[in-house]
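Let's take a walk through this one together, from the charged pairs on to the sheet and the packing behind it. Have the structure open and turn it as you read.

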Amino acid sequence: VFPARVIDTRYNRHHVITPDTSGAMRLIILASGSSGNAALIESGGRAVLLDAGISARETLRRITVANVLDARVEAILLTHEHSDHVRGVRVLARKLGVLVIGTAGTLQALAETLADVPEMAPIERRDRISLAGMRIASFPTAHDAAESCGYSFESRRGHRIVITTDT
């Protein structure tokens, strides 16, 4: 049995949790549909948020409800610039102090919205990056957006999750 530890976050101070030590990869759908899209992909206690199409407050509430507060969100990946995928990205990125990653076309389309986000990183639609202990590959998707893409996530143990949206 692993001891509980105290996690001090900006949105839920002193929440006591027991860490997930199974090494499994988790996909938590926080929202899906025309009113908002967001998913958390976690592996080994490190996570990325895929899209942030609901408010920051609601995203953090749903992470709490899903009992994944032990996952440290390290970045927000964007699939494309439509509001049902980016509604909460600006506030979340600032609140969590994380990098926002998207294709150059997506980030350019959101330039005004994300003007005060401290860190953004453009990627190509066929890039491979290492982030949050996972290998992440982007790939092009067909959608009426500037430069939409999907992502594949692979854990160190070789578990894989592939996500596309709106295609």
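Start with Arg61, which is partly exposed at a relative accessible area of 43%. Bear in mind as you look that this is a predicted model. The side chain of Arg61 meets that of Glu58 in a salt bridge, with 2.7 Å from N to O. Both residues sit in helix α1, 3 residues apart, or about one turn of the helix.

While we're on α1, which spans residues 56–65, have a look at what it hides: Ala56, Thr59, Leu60 and Ile63 are buried. Viewed down the helix axis, the buried residues of α1 fall within an arc of 95°, so they line one face of the helix. On the face turned away from that buried side you'll find the exposed residues Arg57 and Val65. And what does the buried side pack against? Its partners are β3 (25–31), β5 (46–50) and α3 (89–96). Just past the end of α1, Asn67 takes a positive phi of about 60°.

Back to charges for a moment. The structure holds 9 salt bridges. One of them joins the side chains of Glu74 and Arg72, at 2.8 Å from N to O. Bring in Arg46 and you have a network of salt bridges linking Arg46, Arg72 and Glu74.

Another pair to find is Arg135 and Glu154, whose closest N and O atoms are 3.0 Å apart in their salt bridge.

Zoom in on β5 and β6, which pair in the parallel sense over 5 bridges. Leu49 stands opposite Ile76 of β6.

In soluble globular proteins, nonpolar side chains tend to be buried together. Here the largest nonpolar core has 26 residues, and those with the most contacts inside it are Leu40, Leu49, Ile76, Leu78, Val89 and Val100. The elements giving two or more residues to this core are β3, β4 (38–43), β5, α1, β6 (72–77) and α3. Apart from that core lies another, of 18 residues, among them Val48, Cys149, Phe153 and Ile163.

Leaving aside neighbours within four places in sequence, Val89 is in contact with Ala52, Ile76, Leu78, Val100 and Leu114.

Val86 lies in helix α2 (residues 83–86) and is buried, with a relative accessible area of 7%. Not counting residues up to four places away in sequence, Val86 touches Ala52, Gly53, Leu78, His80, Glu81 and Leu110. Then there's Ile54: Val86 and Ile54 are 32 residues apart in sequence, yet their C-alpha atoms are 7.4 Å apart in space.

Finally, zoom out. The secondary structure comes to 4 helices and 12 strands. Of the 167 residues, 49% count as buried. Among contacts between residues at least 6 apart in sequence, 52% join residues at least 24 apart.

Note on methods. Residues are numbered from 1 along each chain as its sequence is written. This is a predicted model: local features need pLDDT of at least 70, side-chain atom pairs count only at pLDDT 80 or more; totals for chains, interfaces and linings use all residues. Side-chain values use heavy atoms; hydrogens and water are left out. Buried means under 20% relative accessible area, exposed over 50%, partly exposed in between (1.4 Å probe, protein chains only). Contact means heavy atoms within 4.5 Å. The arc is that of the directions from the helix axis to the C-beta atoms. A nonpolar core is a set of buried Ala, Val, Leu, Ile, Met, Phe, Trp, Tyr and Cys residues joined through side-chain atoms within 4.5 Å. A salt bridge is a side-chain nitrogen of Lys or Arg within 4 Å of a carboxyl oxygen of Asp or Glu. Two strands pair if DSSP finds at least two bridges between them.
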